[in-house]
Amino acid sequence: MALVKLSGVKKSYKLGETLVPALRGIDLEIRAGEFTSVIGASGSGKSTLLNLVGCLDQPTEGSIQISGAEVTEMNETQQCDLRNEKIGFIFQSFNLVPVLNVWENIELPLLVKAKLSLDERKKRVASVISAVGLDSFIEHKPDQLSGGQRQRVAIARALVTKPSLVLADEPTANLDSKTAHMILDLMADLNKTQNVTFLFCSHDEKLIGRVGRIVRIQDGVIVE
Amino acid sequence: MMWTMAFRNLFRNKRRTAATGAAVMAGFIGLTLLGGYIYCVERGLRANSIYLMNKGHVTIFKKEGLQRYATKPSLYELTPADQNLVQEQLKKYSENIDWTGTALTGSGLISNGVKSVPFMAVGVDLQTLDKSLTHPTVQEWAKDFLTQDSLNFVKAIKENPDSISITARLGALISRQIPFENLPAEQKTVQLAGMNLYGDLNAVDANIAVSHTTGSDMMEDAGLLAPFELLQNLYSTDGAHYMMIYLKDESKITKMVSELNETFKNQSLPFDAYPFDDPGISPNYVGSMGFLYAMAGFFVFLICGAVALSIVNSLTMGILERTREIGTFRAIGYMPKQISWMMTQEALWLCVLSGVLGIVLAAIIVVIVNGLYITFSPPGVAAAVQFTLSINGTLVALISCIFLLLVGTTSYLVTHFKLKMKIVDLLSDSGA
């Protein structure tokens, strides 16, 4: 069974009086363990696609299923739970909380639910910090880290809840090419070793060779 | 960790936090001092009414005597038999009764042999005079209403049962200047004349011993305090106008009055019980406190409004600057109410820190103001009273609760409305 299944997904934005279509009917399946990149030019609809898969926005039309559950029919609480438990997010601008250190930033998604014990939380945070190689930076605040290190923190934060799916919106866009490749290598490694499903979007054609599957999107439709 | 994060967030924009904190602190100081001042005034007026105006915590009249005694005193006086009936009913409250007393009131003319001026007299039993004037509550809260020689009144009565105390202004009207103790013996002797309870003219000799103040500007030209028996002689009665009950525990006044009235009604006893703060018993107390409470209500409204607006402004700016961060919280699974609570925690931290600082500053102001010994004559009050401030623990706790509730509610509502934005919009918002 597909981890993510999109059927006939359309999304339009209202711009003044006119409706601007961003997605014109997307059918897509992502299986567990895949390392998929959505490639497309700026404005092609790739971020919109990721936002819909991540339950950050609602489609105008169509069906989105994650692990067999129809997300368009979920209420706000159910969507919050889904985002917290099954989806990890990595953002282009890292989106770390500046007043929290590395450890605390990573721990943040675990605090949503009180069901995890302190010991379990510590174990999980320590494990992902080790996986992204930031053991010696746990006390550092985001402004004391380089761009690559910040994105590693963001990756660790996305992984700490042991999600089935990690969504990354242009995760390398704010990084230099060397760091971008290191981040991509880290994601690919986590995909292989921890069997985490990654779906990320990028407009950087140079990264294409490093991913398992490419979904090319153009003017709101999948072309490849 | 959420409380820690909320605390750290205060230091993100130190200038704005300081400005908002200062507004909260100023509001806290304002309310604490205003409350402290009203508390001091209330205690002073209460002590004056209960002890110095001789009304007691609870006052018992013949039924409708409060309203009609002045027109038909013989019908509405408390006879010795009435007083015994009342004392019977008071037995069950003996544990909480400090003492009971009797008072007789009336008017007439005081004459120095050449000139006669009207007086309004209160005759009080010796025990009440003795205990009231030296009561710790009076010493603590109403010493401004005591004249220097008023404490010698009981001693003077014991030496001469015809001793009376009059106000300095009444003394001046009959050409007697304070201190009355220094007057030659012939100038101390005056005659009190008045209509007795049965409509006949009567007169008694009296000896001006000391001065006192009524506390009320309106009464000050006619204030006369006399031994109970002297006024009984003047008005040819063995009865009293009312009985006073002085309690050990003031919190039980309302309950006692209610129970007494219920008992009087059930047993068809012709008496009425009133609390000291009934408008008919202590019009000065009720009028002054009514004015102060209305004024305080207005200031509380203004201060709370200003504090709430400061919080709204600060939080709105904070949220605008952190829109993307809030979007991130939403993306990783936080519910809007959890984020609202997070922002509220931040405001509560600010409130607590400002409040603590506010209490410290208010305490310093209280010490300075009280140390300056500023006196003034409030409208309607005969005596010059000290401008006194105090910090009352209960009041501070109440103000703290009000502020925490105000700040908490305001911040929760502000964030709650902002969080209605879609997550994608929050994430894409670059902030202010």
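The crossing of H1(B) and H15(B) is right-handed, a term used when the near helix is turned clockwise from the far one by less than a right angle. This is a predicted model, in which local features need pLDDT of at least 70, side-chain atom pairs count only at pLDDT 80 or more, and totals for chains, interfaces and linings use all residues. Residues are numbered from 1 along each chain as its sequence is written, while chains are lettered from A and ligands numbered from 1 in the order in which they are written.

Helices here are DSSP runs (H or I, at least four residues) numbered from the N terminus, and axes are lines fitted to C-alpha atoms over the stretch in contact, with angles from 0 to 180 degrees between N-to-C directions.

| Helix pair | Axes | Angle |
|---|---|---|
| H1(B), residues 2-9, and H15(B), residues 336-372 | within 8 Å | roughly 60° |
| H13(B), residues 283-321, and H16(B), residues 393-418 | 9 Å apart | about 35° |

The crossing of H13(B) and H16(B) is also right-handed. In this pair, residues including Cys304(B) and Val307(B) of H13(B) meet residues including Phe403(B) and Leu406(B) of H16(B), where contact means C-beta atoms, placed from the backbone, within 7 Å.

The largest nonpolar core has 99 residues, and Ile106(A) is one of those that touch the most other members; such a core is a set of buried Ala, Val, Leu, Ile, Met, Phe, Trp, Tyr and Cys residues joined through C-beta atoms within 7 Å, buried meaning that 20 or more other C-beta atoms lie within 10 Å of a residue's own. H15(B) gives this core its largest share, seven residues.

Terms used. Helix = DSSP H or I, 4+ residues; strand = E, 2+ residues; numbered from the N terminus. Buried ≥ 20, exposed ≤ 12 C-beta atoms within 10 Å, placed from the backbone. Contact = placed C-beta atoms within 7 Å.
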